[in-house]
Amino acid sequence: MSVYEEAKILELDLSPLGLGPTGDFAPYFCTPDGAQIIGSEGVDGIHYCFVPGFGEAVFVVSPMALPGQYVQVLARNFSDFLQLLLACGHTAALEQASGWDAAQFGAFLAENPVTPEQRVVLDALARALRLRAMERPYEYLRAVQAEVDCTALQPAAEAEDPPPDPPWAVTYEGGFWGGGRGRQGQEIKVEKAFDWGGRRCYVPAVYACGQGLVADLCMEADPAQIRAFAERWSGVQYPTRAEQMRMEMENPLAWDVRAAAEINGRRAENQHGYGLAWLAADCCEEAQDPDAARVVEHYGLDPARAWSIRRLSFPWATRRRPKLRSLRFLLEDEPRPRPGPCFCNPAAGDTVEFILPISGTAHTLTVLDSQPETVEGLPDDEFMYPTHCTALTYRLMPDLPAGICQVRDVLENDAPRQKGVVTAAPSIGIIGGTDGPTAVLFGSRTVGSAYTACSALHFAPVDRVEWELVFREQAYPGCAVELL
C-alpha cells in the first residue's frame, strides 16, 4: 500500500495544511491532462496533483502564476511531500518556493510559524505514517525542480488571447483581485493630488460600500530612482539585517502609511488594506502585475511612471451607510527601522554616543551592567530550545520616548533542535519578530530609569556579543487632506 493510500485511510482533515478536500473541484485551464487532483488550498485555484507519466511525483498548479510557471514539481513522491509539510507546516511555502532564494524561504517560515491547529494534524501524520520532517526543505525543492522538466506540462493555449477581465468592482472586503464579500461599492470620483513628504500622492476615487468606505491612495515614484536603487543592490544576494533596513529606507516604492479618515466629521481608523506596485517598462524586465495594470488603466495613471498603490478600508460609524457630506484623510508616516552604531562586549561604565538620523539630536548610551543569563527552556516533548543569553542593562541620556531606540543582538537566535537529531528543526520559530530576536524572559524593558535588553539565545554560552542600535523615527510629519 502506498503512502498516499495510507494517508487517505486516515481520513484526516488536511485543510489546515493547505491540502483541502477536492470534492467537486473542477480542473483549471492549466491543470495537466489526466491529472489526479489530491488537494486544494482553497484560494486562487491552487491545487496539488499526480500527473500521468511522472510516477508518484507531486505537482502544484497555480492558475494565478505567470505564463510558463503554472505547473511546478514539489516532490519525488507523496511521502517526500508530507515530509516537506512536516518541515514547513503549510503548502503556501512550497507553492511559492520556486520564486524565492533560501533567505526569503527561511524568512517566510519564520514569519509564519506552525499554528496549534496545524501542529495537531502534523503530529497525527507523523505518528500514523512514521514520517519525520524534511531536514533541508528548500534544498530538496531546488533539487527536485532541477530534475523534472515541467515545460511540457504548461498549457498549450498560452499564446491565445487571455479571457476578458471581469468588470471593475470594489467591495469592502475585497482587494485588487476581485471577489470578496459584500456588494459592489458606489464609485465617487475624488481626483485629489497633493504632496506629502516630498512625494506626489493622488486619491483618484473612493467607494461607498455597505460596511464602510474604501479608498485608493496612489504614490508616484521616479523610474530613474528605481533603476538606480536596483543597480545599487543587484549584487547583494543574502543581505544582512542592517542591509535589509537600508534597502527598505532607500526603496523609492517603500511606503508605510498609518491612515485614518474623518467621515462627516467622525474619525474612522483603517480596518484593513491591500497594496500593489506598478513599474514603468524600463524598470522591469518581467511581466507586469495584471492587477496593477488594471488600476493604472482604470484611473488613467501615467504608465511611464512608477506607482505604489494602497487600498484602504474604513468602517462606518453608523449602523447604516451615511450620505457622504465631507471626507478628510489623516495620514501618518509609519516609522521604519534605521541601523545605528554597533558595539561589542561592553563593560559597566562604557558609553556609546549616537545621533538620531532624522531629528539630529545627540544622545549617550551608558552601560550599567552586562551579565550572562540562563532562561528556562520552553517545555516540548519533541524539540529543545536554546537557553543561554546575555542581559545588557543601560541608560540613555537624554532619554527617548518608547520605541525610538532599540538595542539588540546582531546575531539571530539558535534554531530549535529536534530531540535525538543533530540538525535544526526548520518549522519551529523561536520567540522574536521580523525586527530581530527578543528574549523569553527579558525582552527590552525599563528597570527604573534604565533599560534591559537580551541577546540572542544560544545552546551554549558565547564569549562575544555584538550589539547594534536600531532607530525608529518618522521621516516626515503627518498630513491632513481634504477630499470632499
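This is a predicted model: local features need pLDDT of at least 70, side-chain atom pairs count only at pLDDT 80 or more; totals for chains, interfaces and linings use all residues.
In soluble globular proteins, nonpolar side chains tend to be buried together. Here the largest nonpolar core has 51 residues, and the members that touch the most others are Tyr 48, Phe 59, Phe 78, Phe 81, Leu 94 and Phe 105. Helix α2, covering residues 78-88, gives the most to this core, with eight residues. Apart from residues up to four places away in sequence, Leu 94 touches Leu 74, Phe 81, Leu 84, Leu 85, Cys 88 and Leu 141.

There is also a second, separate core, made of 27 residues. Trp 196, Cys 201, Trp 316 and Cys 479 are among them.

## A covered strand

Now take a look at strand β4, which spans residues 71-75. Is it mostly covered or mostly open? It is mostly covered, since five of its five residues are buried. Strand β3 (residues 58-61) runs antiparallel to β4, and four bridges join the two. Within this pair, Val 61 stands opposite Val 71 of β4.

Strands of a sheet pair through backbone hydrogen bonds, either parallel or antiparallel.

You can follow the pairing of β13 with β24 (residues 466-473) in some detail: the two are antiparallel over seven bridges. Cys 344 has Glu 466 of β24 as its bridge partner.

## A buried aspartate

Asp 216 is part of strand β7, which covers residues 212-221. Is this residue buried or exposed? Its relative accessibility is 0%, so Asp 216 counts as buried.

What surrounds Asp 216? Leaving out residues up to four places away in sequence, its contacts include the aromatic residues Trp 168, Phe 176, Tyr 202, Tyr 207 and Tyr 299. Arg 310 and Arg 311 also touch Asp 216. With one of these neighbours, Tyr 299, the side chain of Asp 216 makes a polar contact of 2.6 Å.

Most residues other than glycine have a negative phi, and most peptide bonds are trans. A few places in this model depart from that pattern, so let's visit them.

Arg 130 has a phi near 55 degrees, a positive value in a residue that is not glycine. Arg 130 is in the loop that links α5 (116-129) and α6 (137-147), and with a relative accessible area of 62% it is exposed. Glu 191 is another non-glycine residue with a positive phi, about 50 degrees.

The last stop is a peptide bond: the one from Met 397 to Pro 398 is cis, with omega near -15 degrees.

Technical notes
Residues are numbered from 1 along each chain as its sequence is written. Side-chain values use heavy atoms; hydrogens and water are left out. A nonpolar core is a set of buried Ala, Val, Leu, Ile, Met, Phe, Trp, Tyr and Cys residues joined through side-chain atoms within 4.5 Å. Buried means under 20% relative accessible area, exposed over 50%, partly exposed in between (1.4 Å probe, protein chains only). Contact means heavy atoms within 4.5 Å. Two strands pair if DSSP finds at least two bridges between them. A polar contact is a pair of N or O atoms within 3.5 Å; within protein, one must be able to donate a hydrogen and the other to accept it, and residues adjacent in sequence count only if both atoms are side-chain atoms.
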